[in-house]
Amino acid sequence: MNQRDIIYMERALALAKKGVGHVNPNPLVGAVIVKDDIVIGEGYHECYGDAHAEVNAFKNCRESPAGATMYVTLEPCSHYGRTPPCVDAIIEKKIARVVIGSVDPNPLVAGRSVTKMKEIGIEVEIGVLERECNELNTIFFHYITHKKPYVVMKYAMTADGKIATRTGKSKWITGEKARKRVHEDRNLHTGIMVGVGTVIADDPMLDCRLEEGRNPIRILCDTTLRTPITARVIQTASEIPTILATTCADIAKHRPYLDQGCQIMVVSEHDGTIDLKRLMMQLGEAGIDSILLEGGATLNASALKADIVQKVQTYIAPKLFGGASAPTPVAGLGVDHPDQAYLLKNSKTTILGEDILIESEVEKRVEEVFVK
């Protein structure tokens, strides 16, 4: 790996990020074409269903790309989907060398493009800034391999671990920079999920307030269908897609929500509530590749217990609420012993004004009962 390869791949990564919020459930991809150490074309996947990064880079070429090097963050596709295979375009344009960040785990690709290019004499190098390219498409990689959404559990708490005061007040725990980051993540993820308790308590809109942001699909977990018809998420369901996930199969109870423009997703029951594992399968089948879980402590506990969470975002504000009865981020019974904890790994810390964001991957849940 030489320094020039790193520089051009960094440019391809920067281009790829421009597609955030517009390409789901497709991956974020950027491409740069270099000839005689000069960038002659570049592009990125701009919108789901539109041309891929490689094709856009060719469209933007200032001269013939024959004999040039292409830098692409993800292995070019080799199958027909909404667009033709990008590997065929690379061959047709007589690219001499292709530098790839990540190999595509999609079974329809999975190294086939690399093999095809090598067989006709194109030089291929894999793994330049691989970690950064993999991180760019964490959501896509999870979705394409598991067929279920990548779930991020997000909560904001005080330094003493409270998500609200003892009276239930929670606006605002964090400052403006942290709240802006939340809206950036709402733009990034296809769906946002809360429980009916949050809707009743806070009457949230669950929208994205970035200037050119995309509203996530709103998913409300409501076992018995008791969400108020007057709730803002119901009243605006004709404007922002809204799914009510419920175990209630009573069509008569569905009708008022359907009339407002909601979708009803009937899910099997588990332990008296929605089977969250099954819900993830149904949402994955509906093309929802990622979910920002902004529920309260009860839904957070259920999500962890159901093992559907891949990542945890903890916003910590430098303030104290106190109060033994003030709610904490995860309710339920909790574990009996430290050895049974939900384990987090690969934590990353970001300073957002006066607040701190800690992002961690969920490693595993220890199932066995501790015995002294």
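Strand β1 (residues 30-35) is mostly covered, with six of its six residues buried; buried means under 20% relative accessible area, exposed over 50% and partly exposed in between, using a 1.4 Å probe and protein chains only. Strands (E, at least two residues) and helices (H or I, at least four) are DSSP runs numbered from the N terminus. This is a predicted model, in which local features need pLDDT of at least 70 and side-chain atom pairs count only at pLDDT 80 or more, while totals for chains, interfaces and linings use all residues. Residues are numbered from 1 along each chain as its sequence is written, and side-chain values use heavy atoms, with hydrogens and water left out.

**Strand β1 and its partners**

- Gly 30, Val 32 and Val 34 point one way from β1, Ala 31, Ile 33 and Lys 35 point the other way, and all are buried.
- β1 pairs with strand β2 (residues 38-44) in the antiparallel sense over six bridges; two strands pair if DSSP finds at least two bridges between them.
- Opposite Gly 30 in this pairing stands Tyr 44 of β2.
- The hairpin of β1 and β2 has two residues between the strands, and Asp 36 there takes a positive phi near 55°.
- β1 is also joined to strand β3 (residues 69-74) by four bridges, and these two strands run antiparallel.
- Ala 31 stands opposite Val 72 in β3.

**The sheet**

- Five strands form an open sheet in the order β2-β1-β3-β4-β5, with mixed pairing.
- β2 and β5 (123-126) are at the edges and have a single partner strand each, so one side of each lacks a neighbour in the sheet.
- Direction ignored, neighbouring strands of this sheet are turned by 15° against each other on average; axes are lines fitted to C-alpha atoms, for helices over the stretch in contact, and angles run from 0 to 180 degrees between N-to-C directions.
- β3 and strand β4 (residues 97-102) pair in the parallel sense over five bridges.
- Met 70 has Val 98 in β4 as its bridge partner.
- Helix α4 (residues 112-119) lies across β4 and β5 and runs at about 150° to β5.

**Helix α7 and Asn 187**

- In helix α7, the buried residues include Ala 178, Val 182 and Asn 187.
- Asn 187 counts as buried because its relative accessibility is 9%.
- Not counting residues up to four places away in sequence, Asn 187 touches Val 20, Gly 21, Cys 208, Leu 210, Gly 213 and Arg 214; contact means heavy atoms within 4.5 Å.
- A polar atom of the Asn 187 side chain lies 2.8 Å from the backbone nitrogen of Arg 214.

Notes: A polar contact is a pair of N or O atoms within 3.5 Å; within protein, one must be able to donate a hydrogen and the other to accept it, and residues adjacent in sequence count only if both atoms are side-chain atoms.
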